[in-house]
Amino acid sequence: MEFNENRPNRPFIGFVLVWRALVKWHRRGQTRRVLRGMSDDQLRDVGLSRHDASNI
């Protein structure tokens with residue numbers, strides 16, 4: 001058996017998946033912060049309530 005036959009096809013997929021999860025978590029936090037800073041009228045214009053904005 002050669003070395004290349006025993007290697008995984010995608011050795012860094014675990015790191016990629018963790019990185020994507022962290023980026024998604026960070027973006028959701030940014031979205032929550034922006035929505036928290038909006039007034040009730042602005043949220044209503046977007047089609048959200050204060051409750052909806054906190055659950056995103």
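Does Asp-41 count as buried, exposed or partly exposed, and at what relative accessibility? At 47% relative accessibility, Asp-41 counts as partly exposed. This briefing concerns a predicted model of a chain of 56 residues. The chain has three helices and zero strands, and its pattern along the sequence reads α-α-α.

**Overall picture**

- Of the 56 residues in the chain, 9% count as buried.
- The chain exposes about 5300 Å², and carbon and sulfur atoms supply 56% of that area.
- Helix 1 covers residues 13-36, helix 2 covers residues 40-46 and helix 3 covers residues 50-54.

**Salt bridges**

- Side chains of opposite charge can pair when their charged atoms come close.
- A search of the whole structure finds two salt bridges.
- One of them joins Arg-50 to Asp-40, with the closest N and O atoms 2.9 Å apart.
- Arg-50 counts as partly exposed because its relative accessibility is 36%.
- Asp-40 also has a relative accessibility in the partly exposed range, at 45%.
- Another salt bridge is formed by Arg-44 and Asp-41, whose closest N and O atoms are 3.1 Å apart.
- Arg-44 and Asp-41 both lie in helix 2, where they are three residues apart, about one turn of the helix.
- Arg-44 counts as exposed because its relative accessibility is 57%, whereas Asp-41 at 47% counts as partly exposed.

**The nonpolar surface patch and the aromatic pair**

- Phe-12, Ile-13, Phe-15, Val-16 and Leu-17 make a nonpolar surface patch of about 500 Å².
- Leu-17, one of the patch residues, is placed in helix 1.
- The relative accessible area of Leu-17 is 48%, so this residue is partly exposed.
- A search of the whole structure finds one aromatic pair.
- The pair consists of Phe-12 and Phe-15, with ring centres 6.1 Å apart and 35° between the planes, an arrangement that counts as tilted.
- Phe-12 is exposed because its relative accessible area is 58%.
- Phe-15 is likewise exposed, with a relative accessibility of 61%.

**A buried residue: Leu-35**

- Leu-35 lies in helix 1.
- Because its relative accessibility is 8%, and buried means under 20%, Leu-35 counts as buried.
- Which residues does Leu-35 contact, leaving aside its neighbours within four places in sequence? They are Leu-43, Leu-48, Arg-50, Ala-53 and Ile-56.
- Among these contacts, Arg-50 stands 15 residues from Leu-35 in sequence, yet the two C-alpha atoms are 8.4 Å apart in space.

**Two serines**

- Ser-54 is found in helix 3.
- With a relative accessibility of 46%, Ser-54 counts as partly exposed.
- A polar atom of the Ser-54 side chain lies 2.9 Å from the backbone oxygen of His-51.
- Ser-54 and Thr-31 are 23 residues apart along the chain, and their C-alpha atoms are separated by 9.7 Å.
- Where is Ser-39 placed? Ser-39 is in the loop between helix 1 and helix 2.
- Ser-39 counts as partly exposed because its relative accessibility is 34%.
- The C-alpha atoms of Ser-39 and Ser-49 are 9.9 Å apart in space, while the two residues are 10 residues apart in sequence.

How values were computed:
Residues numbered from 1 in each chain as written. Predicted model: local features only at pLDDT ≥ 70, side-chain atom pairs only at ≥ 80, totals over all residues. Heavy atoms only, no water. Patch = residues over 30% accessible without salt bridge, like charges linked within 9 Å, V, L, I, M, F, W, Y side chains within 5 Å. Areas by Shrake-Rupley, 256 points an atom, 1.4 Å probe, with all protein chains shown as cover. Salt bridge = Lys/Arg side-chain N within 4 Å of Asp/Glu carboxyl O. Helix = DSSP H or I, 4+ residues; strand = E, 2+ residues; numbered from the N terminus. Buried < 20%, exposed > 50% of the residue type's maximum accessible area, 1.4 Å probe, protein only. Phe/Tyr/Trp six-rings, centres within 6.5 Å; stacked < 30°, edge-to-face > 60°. Polar contact = N/O pair within 3.5 Å; in protein donor to acceptor, adjacent residues only side chain to side chain. Contact = heavy atoms within 4.5 Å.
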